[in-house]
Amino acid sequence: MKKVVTANIGGFCFTLEEEAFSKLSRYLDNYAASFPDRKEAAEVMEDIESRIAEIFREQTPLPQQVVSMNLVNKVIAIMGTPEGQSTFSEKGREEQSLSAASASRVRKLYRDPDRVVFGGVCSGLSAYFGLDVILVRVIFLAALCVGGFGFFLYLILWAVTPKATTIAQKLEMHGEPVTIENIWNYTKEKTFKK
């Protein structure tokens with residue numbers, strides 16, 4: 001018989017084995033402690049918890065199913081660790097790199113708030129299709145000049161396409177797997193651009 005703990009992860013309630021909860025807590029605490037800026041850490045930790053919750057929900061289809069130590073180990077292997085952290089053995093690092101490499105690179109369509117002109121639809125489409133943003137804007141401008149069809153298409157896309165507000169969504173928009181290393185690199189890149 002094992003003890004279980006109820007925890008709120010990424011806005012969802014999960015029941016975890018006590019050992020699994022302890023390991024996941026240490027994992028998240030170690031990562032949060034690596035940030036010098038608390039505000040930046042809070043935003044990144046929110047994205048990481050959302051991704052962990054997404055994986056838990058995929059792997060535990062029943063609402064009352066308990067999250068086991070095996071699933072927590074799997075999540076840690078998928079998410080990985082940021083550069084400079086050494087919380088895994090060499091075997092764990094090999095498993096982590098294999099799972100990160102096998103993670104599917106699925107792109108999701110979002111409006112891009114970082115390269116926005118009018119709503120971010122064109123920049124979101126360019127990230128989704130891997131095209132130059134100027135090319136997509138020229139196509140919409142040409143469609144606007146030819147019968148006004150581009151204007152209505154743009155409005156519809158603006159209304160139905162969600163805005164990429166979190167780091168995880170911005171990574172998904174570019175087809176990058178949402179791992180701790182990618183979140184870490186994105187955060188460092190944004191910090192240096194400021």
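The dialogue below takes several terms in turn and sets each against its definition.

Tutor: Please keep in mind that this is a predicted model. The protein comprises nine helices and three strands, in the sequence pattern β-β-α-α-β-α-α-α-α-α-α-α.

Student: What makes β1 and β2 a pair of strands?

Tutor: Pairing requires at least two bridges between two strands. β1 and β2 (residues 12-17) are joined over six bridges, in the antiparallel sense, so they meet the definition. Within this pair, Val5 lies opposite Leu16 of β2.

Student: Why are β1 and β3 said to stand at the edges of the sheet?

Tutor: The sheet is open, with the order β1-β2-β3 and mixed pairing. β1 (4-9) and β3 (66-67) each have a single partner strand, and therefore one side of each lacks a neighbour in the sheet. Helix α1 (residues 18-33) packs on this sheet and touches β1, β2 and β3; its direction makes about 115° with that of β2.

Student: Why is α1 called roughly parallel to α3?

Tutor: The axes of the two helices, α1 and α3, cross at roughly 20° and come within 8 Å. Angles under 35 degrees count as roughly parallel, so α1 and α3 qualify. Their crossing is left-handed. On the α1 side the contact involves Glu19, Ala20, Lys23, Leu24 and Tyr27, while α3 contributes Met69, Val72, Asn73, Ile76 and Met79.

Student: What makes a set of residues a nonpolar core?

Tutor: Its members are buried residues of the listed nonpolar kinds, joined through side-chain atoms within 4.5 Å. The largest such core here has 32 residues. Ile9, Leu16, Leu24, Tyr31, Ile48, Ile52 and Phe56 have the most contacts inside it. Several elements, including β1, β2, α1 and α3 (69-79), each supply at least two of its residues, and the largest share, eight residues, comes from α2.

Student: Which residues does Leu16 contact, leaving aside its neighbours within four places in sequence?

Tutor: Among them are Val5, Ile9, Leu24, Phe56, Val67 and Val72. There is also a second, separate core of seven residues, which includes Val121, Cys122, Leu125 and Leu157.

Student: How many of the residues count as buried, as a percentage?

Tutor: Of the 194 residues, 39% count as buried, the cut-off being under 20% relative accessible area. In soluble globular proteins, nonpolar side chains tend to be buried together.

Technical notes: Residues are numbered from 1 along each chain as its sequence is written. This is a predicted model: local features need pLDDT of at least 70, side-chain atom pairs count only at pLDDT 80 or more; totals for chains, interfaces and linings use all residues. Side-chain values use heavy atoms; hydrogens and water are left out. Helices (H or I, at least four residues) and strands (E, at least two) are DSSP runs, numbered from the N terminus. Contact means heavy atoms within 4.5 Å. Axes are lines fitted to C-alpha atoms, for helices over the stretch in contact, and angles run from 0 to 180 degrees between N-to-C directions. Buried means under 20% relative accessible area, exposed over 50%, partly exposed in between (1.4 Å probe, protein chains only). Angles under 35 degrees count as roughly parallel, over 145 as roughly antiparallel, 65 to 115 as roughly perpendicular and the rest as oblique. A crossing is left-handed if the near helix is turned anticlockwise from the far one by less than a right angle, and right-handed if clockwise.
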